[in-house]
Each structure stands twice: as structure tokens, then as C-alpha cells.
Amino acid sequence: MSNEAHARIKINQLLAEAGWRFFDFCDGPANILLENHIKITQKEIDAWGDDYEKTKNGSIDFLLVDSNNKPYCVLEAKKESLHPLVAKEQARKYAATVGARFIILSNGVVHYLWDLKRGNPKTILKFPSPEEIGAI
């Protein structure tokens with residue numbers, strides 16, 4: 001099993017423990033979208049500057065949505081050998097593209113929650129529930 005696959009198994013478990021759903025259940029519809037492909041416009045790439053990867057398409061690892069399928073949070077997963085903050089700018093760009101206010105950066109072991117309206121990413125021990133994120 002690859003290092004990234006191992007990290008994703010841990011992340012899946014943390015999401016489930018926090019009350020996020022991969023599938024529709026009696027307690028509500030799925031609120032996790034996996035590998036959500038987004039189209040990034042040339043205007044957005046130009047606004048981001050030279051540090052952006054030379055691609056016009058991206059893939060969000062996990063997109064956490066509210067009950068109306070409105071994006072709440074982009075979760076960017078990295079393999080365990082990488083520090084999650086290496087994905088900070090990539091995740092910020094994805095969040096801007098889909099209109100999400102929050103970002104979770106995780107390698108399955110170390111996790112950060114970033115409220116884009118309140119400053120820098122903060123270390124977290126567990127993922128916030130849909131209700132906790134919705135109440136911020």
C-alpha cells in the first residue's frame with residue numbers, strides 16, 4: 001500500500017468519526033465529494049501569479065459540502081512523509097475556485113484547519129463535524 005493510500009485510509013476514518021458522510025444515509029445525504037475536478041480559468045491563474053502549477057485543471061482530494069451541496073471545506077491530503085502545509089497554496093487556490101471558506105490540510109497524522117477569513121492554519125487533533133464548521 002502506498003504511503004498516500006495509507007494516509008487516505010486514516011483521513012477517511014477521521015472524516016467518518018467527525019460525522020461526515022461518503023454515502024447517503026438515513027441521517028442525511030452524502031456530504032463528501034471525492035476527487036472533485038474543477039476547471040480553473042486563465043484569469044484565475046494570472047491572478048495567482050507565477051507560483052501556480054502550469055495546469056488549468058485540478059482535483060480536490062475531498063470537498064466537504066453543506067446540505068445544499070454548497071462547498072464548506074477543501075481537504076487536501078498528502079502522503080505521510082510530506083508535511084501537510086506543503087499543500088497550503090494549492091488548497092487555497094482550490095478553495096477560492098469553489099468558494100469554500102475552510103481548508104483542512106492533512107497527511108493522516110498531522111492536521112491543520114484553516115479559516116480563510118481568520119488568518120493562518122491552526123493545528124487540530126480531530127476534524128470538525130459538519131455542525132462545528134457550519135457554526136463558525
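In which sense do strand β4 and β5 pair, and over how many bridges? Strand β4 (residues 102-106) and β5 pair in the antiparallel sense, over five bridges. Two strands are said to pair if DSSP finds at least two bridges between them. Before going further, some ground rules: this is a predicted model, where local features need pLDDT of at least 70 and side-chain atom pairs count only at pLDDT 80 or more, while totals for chains, interfaces and linings use all residues. Residues are numbered from 1 along each chain as its sequence is written, and side-chain values use heavy atoms, with hydrogens and water left out.

Now step back to the whole protein chain. Its secondary structure comes to four helices and six strands, and along the sequence they follow the pattern α-β-α-β-β-α-β-β-β-α. Helices (H or I, at least four residues) and strands (E, at least two) are DSSP runs, numbered from the N terminus. Of the 136 residues in the protein chain, 44% are buried. Here buried means under 20% relative accessible area, exposed means over 50%, and partly exposed lies in between (1.4 Å probe, protein chains only). Take the contacts in the protein chain with a separation of 6 or more: residues 24 or more positions apart account for 52% of them. A contact means heavy atoms within 4.5 Å.

Back to β5, which is mostly covered: five of its five residues are buried. In a regular strand the side chains alternate between the two faces of the sheet. Both faces of β5 are covered, with H111, L113 and D115 buried on one side and Y112 and W114 buried on the other.

H111 counts as buried because its relative accessibility is 4%. Leaving aside neighbours within four places in sequence, its contacts include L14, S106, T123 and F127. The side chain of H111 also reaches the backbone oxygen of V109 at 3.4 Å, a polar contact (a pair of N or O atoms within 3.5 Å; within protein, one must be able to donate a hydrogen and the other to accept it, and residues adjacent in sequence count only if both atoms are side-chain atoms).

Next, find E76 in strand β3 (residues 71-77). Is E76 buried or exposed? E76 is buried, because its relative accessibility is 2%. Not counting residues up to four places away in sequence, E76 touches D61, A87, Q90, A91, Y94, I104, L105 and S106. L63 is 13 residues from E76 in sequence and 8.8 Å away in space, C-alpha to C-alpha.

Finally, the cysteines. C26 counts as exposed because its relative accessibility is 89%, whereas C73 counts as buried because its value is 0%. A search of the whole structure finds zero disulfides, a disulfide being a pair of cysteine sulfur atoms within 2.5 Å.
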